[in-house]
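Please walk through this model with me. We start with the whole chain and then turn to single residues.

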Amino acid sequence: MKIRETPKDDFLAASDPGVHADLASHLSRVRSIDVLRETRALRGFTRVRDGELKLTEGKAMLRRASLTPAQDWLPAYVVKGEGIYFELDGARLAGWEGRAEVQARAQRITDHYGSVASQRGLQGRTISPRFVLLHTLSHLLINEFIFACGYSSASLRERLYVSDSAGRNMAGVLIYTAAGDSEGTMGGLVRMARPDNLRQVFASALADAHWCSTDPVCMDAGEKGQGPDSCNLAACHACGLLPETSCEEFNRFLDRGLVIGTLDDPNLGYFSDAFSD
């Protein structure tokens, strides 16, 4: 699968700021997204079956009667913004994911969601360690960007690019902000992609993740599941949750343990040894 390294057009413009030496062993790619354009359309609303809501079903929820093909469209609007994209190092990620204890911890979340899905008539899904890792890391970084850049808590969003299937191996995250005016935002988030700035953001986010203000309760409660549908382990409102509009998964599938380790196993996390020097 070919990826445009530094796209540049009216809809998407990116540049390569480089990766700080302290992050080079954990990240393989960082891109500052100077321009992005997002089209948003309301396709329906449900809080239980949103992941499986088909477009035709969503339209039926919004309308009293079906429309002709010429009229069968949805209102949408375009917003412009900026963001930061990064990918994890593939070789390091593969070695970390292969550890039995890592797989076992992610399996707990899969089991919790499977129980909820069966009760609600939903289709189960496998929550991989890389998904939990990237999703939790995204939340930790967004919370840090809020303080570093001065954004409101609901103005930053995530887009997860995660897959371990053959030919579509992905482990990346886009954190972005978009506004409805003609000019978009003003570059504050893009500046944070510079190596020194991003290094400081990662260091602060990971340091904060080592101890939640509700620990040891948060870390201990996570052993049995907590949060929405009990689909989080070590993650609560004091450390890992975001406004629901910022999160792709309704604040589920989060665990600080797979990022920085647990109290019982400090070396469990992908970033457990980051900034150890």
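This is a predicted model: local features need pLDDT of at least 70, side-chain atom pairs count only at pLDDT 80 or more; totals for chains, interfaces and linings use all residues.

Residues are numbered from 1 along each chain as its sequence is written, and side-chain values use heavy atoms, with hydrogens and water left out.

The protein has eight helices and five strands. Both are DSSP runs numbered from the N terminus: helices are H or I with at least four residues, strands are E with at least two. From the N terminus on, the order is β-β-α-β-α-α-α-β-β-α-α-α-α. Of the 277 residues, 47% are buried. Buried means under 20% relative accessible area, exposed means over 50%, and partly exposed lies in between (1.4 Å probe, protein chains only). Contacts (heavy atoms within 4.5 Å) come next. Among those with a separation of 6 or more, 66% join residues 24 or more positions apart.

Now take helix α2, residues 90–97. Its buried residues are Leu 93, Trp 96 and Glu 97. They lie on the same side of α2, because they cover an arc of only 95° around the axis. The arc is that of the directions from the helix axis to the C-beta atoms. An α-helix has 3.6 residues a turn, so residues three or four places apart point the same way. At the start of α2, a side-chain oxygen of Asp 89 comes to within 3.4 Å of the backbone nitrogen of Ala 91.

Move on to helix α4, residues 129–149, which holds Leu 140. Is Leu 140 buried or exposed? Leu 140 counts as buried because its relative accessibility is 6%. Leaving out residues up to four places away in sequence, Leu 140 touches Ala 205, Ala 209, Cys 239 and Val 259. Cys 239 is 99 residues from Leu 140 along the chain, yet their C-alpha atoms are separated by 7.4 Å.

Next, the cysteines. The structure holds zero disulfides, a disulfide being a pair of cysteine sulfur atoms within 2.5 Å. For Cys 236, the nearest cysteine sulfur is that of Cys 212, 3.6 Å away. Cys 236 counts as buried at 13% relative accessibility. Cys 231 is buried too, at 0%.

Last, the charges. The whole structure has 14 salt bridges, each a side-chain nitrogen of Lys or Arg within 4 Å of a carboxyl oxygen of Asp or Glu. One of them joins Glu 38 and Arg 159, with the closest N and O atoms 3.7 Å apart. Glu 38 lies in strand β2 (residues 27–41) and Arg 159 in strand β4 (residues 156–163), so the pair ties together parts 121 residues apart in sequence. Glu 38 is buried at 12% relative accessibility, whereas Arg 159 is partly exposed at 34%. Arg 159 also forms a salt bridge with Glu 248, at 3.2 Å between the closest N and O atoms. That pair links distant parts of the chain, since Glu 248 sits in the loop between α7 (217–221) and α8 (257–260), 89 residues from Arg 159. Glu 248 is partly exposed, at 31%. Glu 38, Arg 40, Arg 159 and Glu 248 are linked in a network of salt bridges.

Conventions: A polar contact is a pair of N or O atoms within 3.5 Å; within protein, one must be able to donate a hydrogen and the other to accept it, and residues adjacent in sequence count only if both atoms are side-chain atoms.
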